[in-house]
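Please read the report below with the sequence and the three-dimensional view side by side.

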Amino acid sequence: MNLSILSFNPPHDGSLAWIKDGFLKFSVEGEKDSNPRLSGIKSVPRALGLMSVIKETPDVISIGGGNFEEDQLYLGLSQELISSEKTPFFERSSNLFRSTHERAHIFCSYGLSPYPQGQPLYVLVWEGVIGRFYEIDEKLNVHGFDTVLSHPGIRYQSAYAIADYHNRKNKAWYWFIDHADAGKMMALASYGETMESVRRKDWTQELDRILNLKLENLLAGKNGAADTQTEKRAVINEVMASKLLGIGVESDDFKDFAHRLSDAIFDRFFQFAKKNLTKGY
């Protein structure tokens, strides 16, 4: 493949990568080297320094849709959402390629898999907002299944903030949504996994509460219409009724819950897969 591609993702998980003739020449990610979580590529001098390594005009500049609240190219599967147009690159021109965040997740999984291009298979995307399976056919068309669980990552991380309520309660009305909390939940789940069975509690009610929160009502625009305020307040009231509220993120009970929530989310996808992914891929 005789092609030079410069790929740029500016928001969280920000990165700059260059692929030439099928080989990765460099990939720089904002979070690496102990930089803060959710770091983007925000340094212009750093970006320009990397550009100087290329010493040529890329054939393609690819920008990924990334911010759910701001980017119209976050969701969507249709090939009609793919765009390619000429764009200036210093004193020359290149082809600017854009697709959706959702398609980027799907084809990143497909491209990094051990399967050859054109082999039909299933893909699972589980991230902050998206929680569904897809089928990719031999022509690389994407067919989405019904959503298994909406906002799985946001649900997962919200439990941490709810348990940490005393340190969050003076923040904005969506105080229990903080994208930096997901990794902390993963770490705590590992502690809960090793807990003795006699110390475990029945978390069924709280698991159902987290998994059934109407987050789409809460996140339907923080600048949404007045008639959505009642729905948003209902979500907040449900959170405030949780037995997790303020129990402390370092408590044994919360470590147990973190482990149980991880298992519960996994099981949602597992049960859907057993029922619906029937082609044996």
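This is a predicted model: local features need pLDDT of at least 70, side-chain atom pairs count only at pLDDT 80 or more; totals for chains, interfaces and linings use all residues.

## Loops, helices and cores

Asp21 is placed in the loop that lies between strand 2 (15-20) and strand 3 (23-29). Although Asp21 is not a glycine, its phi is positive, at about 50 degrees, and with a relative accessible area of 29% Asp21 is partly exposed. Lys55 is another residue other than glycine with a positive phi, in this case near 60 degrees, and its place is in the loop between helix 1 (44-54) and strand 4 (60-64). Lys55 counts as exposed, because its relative accessibility is 75% and the cut-off for exposed is over 50%. As background, most residues other than glycine have a negative phi.

Of the 281 residues in the chain, 41% are buried. Among the contacts between residues at least 6 apart in sequence, 61% join residues at least 24 apart.

Is Leu96 buried or exposed? Leu96, which lies in strand 6 (residues 92-99), has a relative accessibility of 17% and therefore counts as buried, since the cut-off is under 20%. Leaving aside residues up to four places away in sequence, Leu96 touches Ile61, Ile63, Ser83, Ser84, Glu85 and Thr87. Lys86 is ten residues from Leu96 along the chain, and the C-alpha atoms of the two are separated by 6.0 Å.

The next topic is helix packing. Two packed helices are described by the angle between their axes and the distance between the axes.

| Pair | Angle between axes | Distance between axes |
|---|---|---|
| Helix 3 (residues 152-163) and helix 8 (residues 252-276) | about 170 degrees | 11 Å |
| Helix 3 and helix 5 (residues 204-212) | roughly 125 degrees | within 9 Å |

Helix 3 and helix 8 pack at about 170 degrees, which makes helix 3 roughly antiparallel to helix 8, because angles over 145 degrees count that way. In this contact, Pro152, Arg155, Tyr156, Ala159, Tyr160 and Ala163 of helix 3 meet Phe254, Phe257, Ala258, Leu261, Ser262 and Ile265 of helix 8. Sorted by class, the residues of the contact of helix 3 with helix 8 are ten nonpolar, one polar and one charged.

Helix 3 and helix 5, by contrast, are oblique to each other, and helix 3 passes helix 5 in a right-handed crossing. Here Arg155, Ser158 and Ile162 of helix 3 make the contact with Ile210, Leu211 and Asn212 of helix 5. The residues of the contact of helix 3 with helix 5 divide into three nonpolar, two polar and one charged. Within helix 5, the buried residues are Glu206, Leu207, Arg209, Ile210 and Leu211, and what covers them includes helix 3, helix 7 (229-240) and helix 8.

Which residues touch the most other members of the largest nonpolar core? In this core of 54 residues, they are Ile106, Phe133, Phe176, Met185, Phe254, Phe257 and Leu261. Helix 8 gives the most to this core, with nine residues. Leu261 touches Arg155, Tyr156, Ala159, Met185, Leu207, Ile210 and Leu211, not counting residues up to four places away in sequence. There is also a second, separate core of eleven residues, which includes Ala47, Leu50, Ile61 and Phe89. In soluble globular proteins, nonpolar side chains tend to be buried together.

Key. Residues are numbered from 1 along each chain as its sequence is written. Side-chain values use heavy atoms; hydrogens and water are left out. Helices (H or I, at least four residues) and strands (E, at least two) are DSSP runs, numbered from the N terminus. Buried means under 20% relative accessible area, exposed over 50%, partly exposed in between (1.4 Å probe, protein chains only). Contact means heavy atoms within 4.5 Å. Axes are lines fitted to C-alpha atoms, for helices over the stretch in contact, and angles run from 0 to 180 degrees between N-to-C directions. Angles under 35 degrees count as roughly parallel, over 145 as roughly antiparallel, 65 to 115 as roughly perpendicular and the rest as oblique. Ala, Val, Leu, Ile, Met, Phe, Trp, Tyr, Cys and Pro count as nonpolar, Asp, Glu, Lys and Arg as charged, and the others, Gly among them, as polar. A nonpolar core is a set of buried Ala, Val, Leu, Ile, Met, Phe, Trp, Tyr and Cys residues joined through side-chain atoms within 4.5 Å. A crossing is left-handed if the near helix is turned anticlockwise from the far one by less than a right angle, and right-handed if clockwise.
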